[in-house]
Amino acid sequence: MIRSNPDCQASDLVESSRPRTPRFLRRIVYDLGYHGVAWTLGRLLHGYRPLPHAPGLRTPVATRSAALGLRPGDLVRVKPLEEIRSTLDSEGAHRGLVFQPEMAVFCDGVYRVRGRVRGIYLEESRLQQRIRDTVILEGVYCNGRRVQCDRSCFLFWREAWLDRVDAGSGG
């Protein structure tokens with residue numbers, strides 16, 4: 001059985017359509033089921049940090065979509081990290097999609113849109129899920145080092161985290 005991993009953006013997308021529970025509790029429950037009591041207690045006793053973002057993030061007043069209507073081939077610049085953090089809620093997500101720590105290295109970079117994400121397949125439930133205002137970028141993958149994963153999943157980017165770049169400006 002494939003389990004959802006709360007440290008992985010791809011498997012955490014199921015949460016974008018469910019009522020939210022505190023991320024900290026979800027991670028503890030996941031760790032208990034996947035790693036066991038001893039491992040989870042050890043992490044809790046040694047500075048367990050379940051949130052992948054800086055503490056003290058505010059919950060935005062409005063987390064409306066910032067739809068750019070991006071299409072494959074469009075050039076975009078990933079906004080600076082501080083600007084992206086201003087779009088995140090107290091759990092480090094924008095409308096349920098978590099901004100993973102691995103994504104920070106791509107901030108301020110210019111990339112080409114590979115495609116729009118309109119739906120995803122949730123491995124855990126084997127259901128299709130609709131998702132809006134989200135794209136994947138060419139050559140931008142999760143390296144998996146933080147969670148010891150070798151899948152090289154696409155990273156999902158909310159359009160609110162991107163700025164369109166005029167093709168004539170060269171990035």
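Hi everyone, let me start with burial: of this protein's 171 residues, 43% count as buried, where buried means under 20% relative accessible area, exposed means over 50%, and partly exposed lies in between, using a 1.4 Å probe and protein chains only. Before going on, a word on the source: this is a predicted model, so local features need pLDDT of at least 70 and side-chain atom pairs count only at pLDDT 80 or more, while totals for chains, interfaces and linings use all residues. Residues are numbered from 1 along each chain as its sequence is written, and side-chain values use heavy atoms, with hydrogens and water left out.

Now the overall layout. The protein has four helices and nine strands, taken as DSSP runs numbered from the N terminus, with helices being H or I of at least four residues and strands being E of at least two. Reading from the N terminus, the order is α-α-α-β-α-β-β-β-β-β-β-β-β. Among contacts with a separation of 6 or more, 71% join residues 24 or more positions apart; a contact here is heavy atoms within 4.5 Å. As for the surface, the protein exposes about 9,800 Å², and carbon and sulfur atoms supply 53% of that. Those areas come from the Shrake-Rupley method with a 1.4 Å probe, and for residues only the protein chains shown count as cover.

Let's turn to the aromatic rings. How many aromatic pairs does the structure hold? There are six, counting rings of Phe, Tyr and Trp (its six-membered ring) with centres within 6.5 Å; planes under 30 degrees apart are stacked, over 60 edge-to-face, and the rest tilted. One of them is Phe99 with Trp157, edge-to-face at 6.1 Å centre to centre and 75° between the planes. This pair links distant parts of the chain, 58 residues apart: Phe99 is in the loop between strand E3 (97–98) and strand E4 (110–116), and Trp157 is in strand E8 (residues 157–158). Phe99 is buried at 5% relative accessible area, and Trp157 is buried too, at 0%.

Trp157 also pairs with Phe106: their ring centres are 6.3 Å apart and their planes stand at 90°, so this pair is edge-to-face. Phe106 sits in the loop between E3 and E4 while Trp157 is in strand E8, so the pair ties together parts 51 residues apart in sequence. Both Phe106 and Trp157 are buried. Stepping back, ring pairs link Phe99, Phe106, Tyr111, Trp157 and Trp161 into a cluster.

On to the charges. Side chains of opposite charge can pair when their charged atoms come close. With a salt bridge taken as a side-chain nitrogen of Lys or Arg within 4 Å of a carboxyl oxygen of Asp or Glu, the count is five.

Which residue forms a salt bridge with Asp74? That is Arg164, with the closest N and O atoms 3.0 Å apart. The two are 90 residues apart, with Asp74 in the loop between helix H3 (37–45) and strand E1 (75–78) and Arg164 in strand E9 (residues 162–165). Arg164 is partly exposed, at 45% relative accessibility.

Finally, have a look at Lys79, which is buried at 15%. Lys79 forms a salt bridge with Glu83, closest N and O atoms 3.9 Å apart, and Glu83 is partly exposed at 36%. Lys79 also meets Asp163 in a salt bridge, 4.0 Å from N to O. Because Lys79 lies in the loop between E1 and helix H4 (81–85) and Asp163 in strand E9, this pair ties together parts 84 residues apart in sequence. Asp163 is partly exposed, at 33%. Together, Lys79, Glu83 and Asp163 are linked in a network of salt bridges.
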